[in-house]
Structures are given as C-alpha cells and as structure tokens.
Amino acid sequence: MTTIPQSVQTRRSISDGSRRRRASRGDSRLALWLIAPTVAALVIVIGYPVVRALWLSTFSDSITGNNRFIGTDHYQNALTGPDSADFWAAFRFTSLFALVTLVLEVAIGMAMALIMNRAFRGRGLLRASVLVPWAIPTAVTAVLWRWMLQPDGVVNYLISHKILWTGSEWPARWAIVVADTWKTAPFIGLLLLAGLQIIPNELYESAKVDGAGPWRRFTTITLPLVRPALLVAVLFRLLDALRLYDLPQILTGGANNTTSLSILVVRASIGQTKFGYGSALSTLTFLYILLVAFFFVKVLGTNVVRTQQRAVK
Amino acid sequence: MRKSRLTAAVSLAVLATIASGCSGSTPGGDNTASDNGRGPITFATGKDTTGQLQKLLDKWNTAHPSEKVTMVELSESADDQRNAMVQNFQAKSSQFDVVNADVVWTAEFAARGWIAPLDGKIDTGALLPATVATATYNGKLYAAPYTSDGGMLYYRKDLVPTPPKTWDELKADCSVATQNKMGCYAGQFAQYEGLTVNVSEAINSAGGDIVKNSGKDVTVDSSEAKKGLQFLVDGFQQGYIPKEAITYQEEEGRRSFQQGHLLFMRNWPYVYNLAQAPGKDSVVQGKFAVAPLPGPDGPGSSALGGHNLALSSFSKHQQSAVDWMKFMESTDIQRPLLTELSNAPVVAALYDDPQLQQQVPYLATLKESILNAKTRPVTPVYNEVTLAIEKNSYEALQGKKSVDDALKDMAADIKRAAANN
C-alpha cells in the first residue's frame, strides 16, 4: 500500500546516512519507552490470565483442596472423555448460533443501512431510533424477551399460536437467535452505513446512464465497495457471538440444549468450584475463538487490500 | 532524551498505581483481640429486602457492645451470594465470620473445611428436626438452622371443598378443572433448581431417596423413585399438568393460579399473601386455601428451603460468633423473623402459638409440611447433582426419555460427579 519506489528510498538513505541512523535509534528507543506501559498492561491483564488458566488446567479439582498435577486429563475429559457430550453439544450450539445470527444480522443490517443511506425526511430520527435495541444491555434484552415469549405473552398473542418458546429445543434456540438478531442487526447496519457513505454518488449515476438496474448496481458497485466495512462488521460479530453467555443464561438457563461454551465455563469454574476443569474449558474456548479470528484476519487482510486496489483503479 | 526519560517515569508511575490497585488487600479481623475468640463479628447475608434485619441485630449490639455484629449485605441472587462466600473462603479471609448459607450449600462448605463443626455448641432440641438435618454433614452439625421453608398445595376451596390427600384423589379432582376450563395441577417444571425441588418431592413422597449417607450412596435408580417421577411424567402425558407448565418457575405458576387458570399448585408460602392481596393481579382472593402436599398413599413430603448460619473456619472471634448464633435461634428473634421478615422460623413451638397462627393463616399447614419434609440431596457436589437431576428428569417430562432411562442416567451422572472429586 505504501510502496515508495525503491530508487527513492535508496537515494534518501545515501544522502543523509549516519545522522538519520542516530536519530532513528533515539526515536525507536523513545517509541519503546512509549509503548512499554501498554505492553506491560497487556501482559498483566491478558497474558497473565491466559498463562494462569493454562497452568490451573493441569491440576485436579479435589474437594479437600489437595490438587495434584494431572497433565492433560481435563482436556481429554472435555474432548473425548465422560464430559465430552456436554462440551461438543455446547460447541455445536455456539457455532450454529454464531453462523445463523451472522447471516440474519448481515442481511437485515444491510437492508437497514441501505434504507438509512437514502436521503429523506426524518432520516436522523430513524438512524437514532434504530440504535435503541443496541443501546439496551443484553441482560435487559434477555429479560424483555423472556417476558414477551411467555406462553401467554405478547409474541404468542401476535402470532395467535401457543408456542412454548422455552419448553423445547428448537423454539428455545430460535428464541435466542431472534433476540440476538433484534439487538445486533442495527449495530451491523450502522457499521455498514459508514461504509456506504464513502461510495461516491457519481458511480451510481454513471452506472444508471449505462443502463444498469438496481440489482446490478447493488452487486457491482455497492457490495464490492462496502466489502471492507462488511468484513470488519462480520469479524466483530463472529467473535462476539462465539462468546455468547448472557442471552441464553437468562432466557433459558442453558436448558433445552442452549448451553453455550461460555455458560459451560462459568458453570464449571464458579458454580461447581472446579477451577482446573473450568480453566481447561476456557482455554479450549479461547483457542477456538483465536483460530476463527486468525483464519478470518488472514482472509480479511488479503481481501481488504485487493478491494482497495481495485477501487483505486 | 530527557523527554523520553520523563515519559518513562510517568508511565512507570501509572503502572505502579494500576498494580497496587489490582492487589487490593482484604482487611482481616483485628489482630489486637485477645485469644479467647471474642470480639466484633461480621455476618454475610443476602440482601435484606424488608429492611428489618438490622433492627434484630441492634438488639444484640446494644446488649453486647464489645462483640457487635456488622451485617454485610450481598446480592439478591443466590448464585452471587455463594460466589462471594466462596471467594472469601478460598482466600482464607476472616472478613466474614458467619455466613447465611442456603441449606444446599452447607455440605459443600463443610466438606471443603470452610466452615467449623458446631457439635455440642448449639442446642438443636427446640428446632424442627428436618431443619437440623440440612445443617448436618457426615453425622456432625456444621451450621445453626436459621430459617426454613416448605412447599404447600394451593387449592381453590370454592371449587374443591376438601383438598386431595393422595395423588389419586388429586387426579380424580381434575374433572372439576376440566369443567371449569382450567389447568389442573402445576409446580415448577422448567429446567432449573425448582425442578430438582419438585422431582425430589415426588421421589421422596413415594418413599424413594436420591442419595443417602451424605451423598456417598446413590439410590435414585429404585422402584420408589420411578413411581415418584412417573407421577409427574404422567401428568404431562395424561394432561392433568398443563403443557405450558414445562416452562414454569415459581412466578409463572403463581401468576397462572392468581389469574384463575389453575385448580392446584405446588408453591412456597410467599405466594399466599400475594394471591390474597386486593387488586387486579389476583382473581382468587378468599377463594383458595393451602394443604400439605399429597403423596401416593397419604401426605407427601416437601423439599426443604431455608438458610443456615455457618461459622467460618477462618473467623478470629468464633466464641462471639457462636453466642450470636444461639441468640438468633431464640424465640425473641425467630418470632419477628416470621412476622416482620416473612421467613419460616426453625423453632417448633412458634408454629403452635395461637396468636401467630391467627396472624399467619398458613402457619399450621406449613408446620405439617416442614415436619414431613426431607432435605434435597445432602452432598458436597450439590451443584453437579442438581444439574443431573434437572437435566434427566426434564427430558423425561418432555417425553424424550423413558422414566427408567432418566433415572438410570441420573444415577450414573450423580456417581460420576462424586467420583470426580
């Protein structure tokens, strides 16, 4: 991206050779000092807990407090042992939830962004009101939906069917997906709106002159140009969705196969006071999310560059 | 250069501040006290929503100025209360001298050595025996029973003049519910702690036990237990329990009963005053009464709620703490505990007090309920055991598992939980 031609670089480094080198050494030392507090803070608040969890996860959970080193027993238990059914059920539910909400939220968020991007009266009001679900804390959202989804609640009244939303597996899962989509689609919408606003109007006008219809304009102008913003939104959402905790905890308590990985971690380490096993579960969850993020950033990184280059051309 | 050094100094100072904030020290009890274990104490308890508890503590404080008790109010949520206590115990902190522990936490705290045995220190002769059982682990008394609670059958006396004493009588009365287009019976059947309570009650009423011998023996895979769980499963299959009850916790059932949608309901005493209160929320004022829970052949067996006062092993003023716990079990405290804080007392004699019986109409029924009550499983791994009970019985209620399989899996899960520790 910042490709200064090779010849220019070489010429400059020859012309102010040693003075520049000395200055840059001073600069870099200053830079080191400047970032030192940040690095130290990160080590304390992120590095230490991660290492500590790894360490704890290799010890047994004896009720008498005499915990001994057991190596990878907790990991084996979670992945292939007696508790593996719970782990993989939570893994499947968490992944499914992330995938389904992502698709729904991006589709609905995109529609919201396209509408908000139009010039019309009351646009400011609409943009502000769309943000309301996002502004409500997730715990409150969960309680709100729990009320609405009661057997004699407003949702059943509106659809005039008596569905027991928290009484069996798929309704309970859909309830969580709907509540999450309601809350997060506006957030995606706003991120996408920011992306839409940098697309110059002339592009649409010239496409229109060339005879491109609305769908053609959307797929050949809007989508490629909004892609960087879209990918960032998708990454944010995906990582967030994989950490899912409060919504199912309050809405269903993890019943009916809606136990997420985070619920499993909290249940083991806090509810059952099994710090070793809880740490192993949290490490596995962390690795899973890290893997997804890593893969995504790799794909995302290449795509962002290519899109921008194409846009410049 | 000087500038960069200044920056470094500033950043170091900032870091030092952060670090010192992190290591936040826990103040212990004062070490200046003499060795006889006397001095001021702290009492950690869930949030007192009535605001009356401090007045009871003041009675002690005026009489014992050098051994004052300070109340530390924790969260309203039981899970958060337990977390706060566990964290303190793990840090071996003497910050909480006495904790107000839910009856189901007592065994775990005792097994982990966090609370001190009270054998011979507390006289339990005047207390309801079932409440003493909740405070007992491995044959030793580990806590002082403080409040109790028991389930009761709420019934519509305008429709059913005499309450059912057995499950068969209850089923027979359901024709009345059908005639009036209402549900017949409901308890707490969503998958949460309330389901463990309801399933334990059904199993205990049928003569079964989930675990025995402080959790060492798992006895849930028995014909009695099968009979108990079958009663609830049949309810959903035959329709004497309405379908929506699979989503009910205490509040959902209470609302349904207050709206006149239920003929019978199993619930705690707190419902009584709310359902009796004038207003649009209840259409059953004066139309309902309470009775002991029914069982297969006679009165059933309730699960016990309530709290115990437990003495922290790390307390530096244990002598004062024990004296104060005795004081909290006296009728002087237990009486206002019932009248001002709406808690069921643990002192047996109070239930027969004519004046109190008049003031609290459900008192006689509650006594019978608590007399026949059994504790929920006493085991140091209670949180895992209750999850095993909830999960497997819930699947049986949903019809996903047969009663036999549910109990077999339940037994296996409980055994595994005990073996893991």
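User: How many bridges join strand 8 of chain B to strand 11 of chain B, and in which sense do the two strands run?

Analyst: The model is a predicted one, in which local features require pLDDT of at least 70 and side-chain atom pairs count only at pLDDT 80 or more, while totals for chains, interfaces and linings use all residues. Residues are numbered from 1 along each chain as its sequence is written, and chains are lettered from A and ligands numbered from 1 in the order in which they are written. Strands (E, at least two residues) and helices (H or I, at least four residues) are DSSP runs, numbered from the N terminus. Two strands pair if DSSP finds at least two bridges between them. Here 3 bridges link strand 8 of chain B with strand 11 (residues 262-267) of chain B, and the two run parallel. Within strand 11 of chain B, Phe264(B) is the residue opposite Tyr185(B).

User: In what order do the strands of that open sheet of 4 strands stand?

Analyst: The order in chain B is 8-11-7-12, and the pairing is mixed. Strand 8 (183-186) and strand 12 (288-291) of chain B are at the edges; each has a single partner strand, so one side of each lacks a neighbour in the sheet. From one strand to the next, the twist averages 15°; axes are lines fitted to C-alpha atoms, for helices over the stretch in contact, and angles between N-to-C directions run from 0 to 180 degrees.

User: What is the order of the open sheet of 5 strands in chain B?

Analyst: In a regular strand the side chains alternate between the two faces of the sheet. The order in chain B is 2-1-3-13-6, again with mixed pairing. Strand 2 and strand 6 (144-150) of chain B are the edge strands, each pairing on one side only. Ignoring direction, neighbouring strands of this sheet are turned by 20° against each other on average.

User: Through which helix does the chain cross from strand 1 to strand 2 of chain B?

Analyst: A crossover is right-handed if, with the strands pointing away from the viewer, the path from the first strand over the helix to the second runs clockwise. The chain passes through helix 2 (residues 53-63) of chain B, and this β-α-β crossover is right-handed.

User: Is strand 3 of chain B mostly covered or uncovered?

Analyst: A residue is buried if 20 or more other C-beta atoms lie within 10 Å of its own, exposed if 12 or fewer, and partly exposed in between, with C-beta atoms placed from the backbone. Strand 3 (residues 98-102) of chain B is mostly covered, as 4 of its 5 residues are buried. Lys92(B), in the loop between helix 3 and strand 3 of chain B, is exposed, with 12 other C-beta atoms within 10 Å. The phi of Lys92(B) is near 50°, a positive value in a residue other than glycine. Lys181(B) likewise is not a glycine, yet has a positive phi of about 55°. Lys181(B) lies in the loop between helix 6 (167-179) and strand 8 of chain B and counts as exposed, with 7 C-beta neighbours inside 10 Å.

User: At what angle do helix 7 and helix 15 of chain B pack?

Analyst: Angles under 35 degrees count as roughly parallel, over 145 as roughly antiparallel, 65 to 115 as roughly perpendicular and the rest as oblique. Helix 7 (residues 193-205) and helix 15 of chain B pack at about 75°, with their axes 9 Å apart, and are therefore roughly perpendicular to each other. Two residues are in contact if their C-beta atoms, placed from the backbone, lie within 7 Å. Among the contact residues are Leu195(B) and Val199(B) of helix 7 of chain B and Ile389(B) and Tyr394(B) of helix 15 of chain B.
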